[in-house]
Amino acid sequence: FLIIGLSPSSNTKPFKNGTFARLLTWTTHVGLKQWDFCNIINEVNSVDTKLVNVEELKHKCADRKKIIALGGIVSKVLDKYNIPHYKIDHPSPRNRNLNNKEYEAKMLESLKDYIDA
């Protein structure tokens, strides 16, 4: 499994309710024990999809059983390059969708179905 994010954060230390803490909670919840992670952009805090190294991205995605995209921008880039994946919400604490616990539970249930299929 490969989980793909947008770009590295300028926050060098993970914090209690941060993106990686939530992502770890999610992967544990859905039973995903082994996975790799990469970003589509290597520049810190960038959303400029012109900076995507397409060959590097395709190489990282090659021969992956399943790929999970964190958020819409990542999903659009993967679509652009015909890389099959499953999109979930970005686990950022700023993501207001995740204030709704029912929404989050349904998203995780769908993710588990994708993982188990």
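The structure holds zero disulfides, a disulfide being a pair of cysteine sulfur atoms within 2.5 Å. Cys38 is in no disulfide, and the nearest cysteine sulfur, that of Cys61, is 6.0 Å away. Seen from Cys61, the closest cysteine sulfur is the one in Cys38, and a distance of 6.0 Å is too far for a bond. Cys38 is buried, with a relative accessible area of 6%, and Cys61 is buried as well, at 8%. Here buried means under 20% relative accessible area, exposed over 50%, and partly exposed in between, with a 1.4 Å probe and protein chains only.

This is a predicted model, in which local features need pLDDT of at least 70 and side-chain atom pairs count only at pLDDT 80 or more, while totals for chains, interfaces and linings use all residues. Residues are numbered from 1 along each chain as its sequence is written, and side-chain values use heavy atoms, with hydrogens and water left out.

The protein chain has four helices and four strands. Their order from the N terminus is β-α-β-α-β-α-β-α. Helices (H or I, at least four residues) and strands (E, at least two) are DSSP runs, numbered from the N terminus.

Pro93 lies in the loop between β4 (86-88) and α4 (101-116). Pro93 counts as partly exposed because its relative accessibility is 33%. Pro93 and Phe20 are 73 residues apart in sequence, yet 10 Å apart in space, C-alpha to C-alpha.

The next values describe the whole chain. Its C-alpha trace spans about 35 × 35 × 20 Å along the principal axes. A compact globule of 117 residues would have a radius of gyration near 13 Å, and the 14 Å of the protein chain agrees with this. That radius is taken over C-alpha atoms, and the globule rule is 2.2 Å times the number of residues to the power 0.38. Of the 117 residues, 39% are buried. Among contacts (heavy atoms within 4.5 Å) between residues at least 6 apart in sequence, 65% join residues at least 24 apart.

The accessible surface of the protein chain comes to about 7600 Å², and 50% of this belongs to carbon and sulfur atoms. Accessible areas come from the Shrake-Rupley method with a 1.4 Å probe, and for residues only the protein chains shown count as cover. The chain carries 18 positive and 13 negative charges, whose mean positions are 5 Å apart. Lys and Arg count as positive and Asp and Glu as negative, while His and the chain ends are not counted. The place of a charge is NZ of Lys, CZ of Arg, CG of Asp or CD of Glu.
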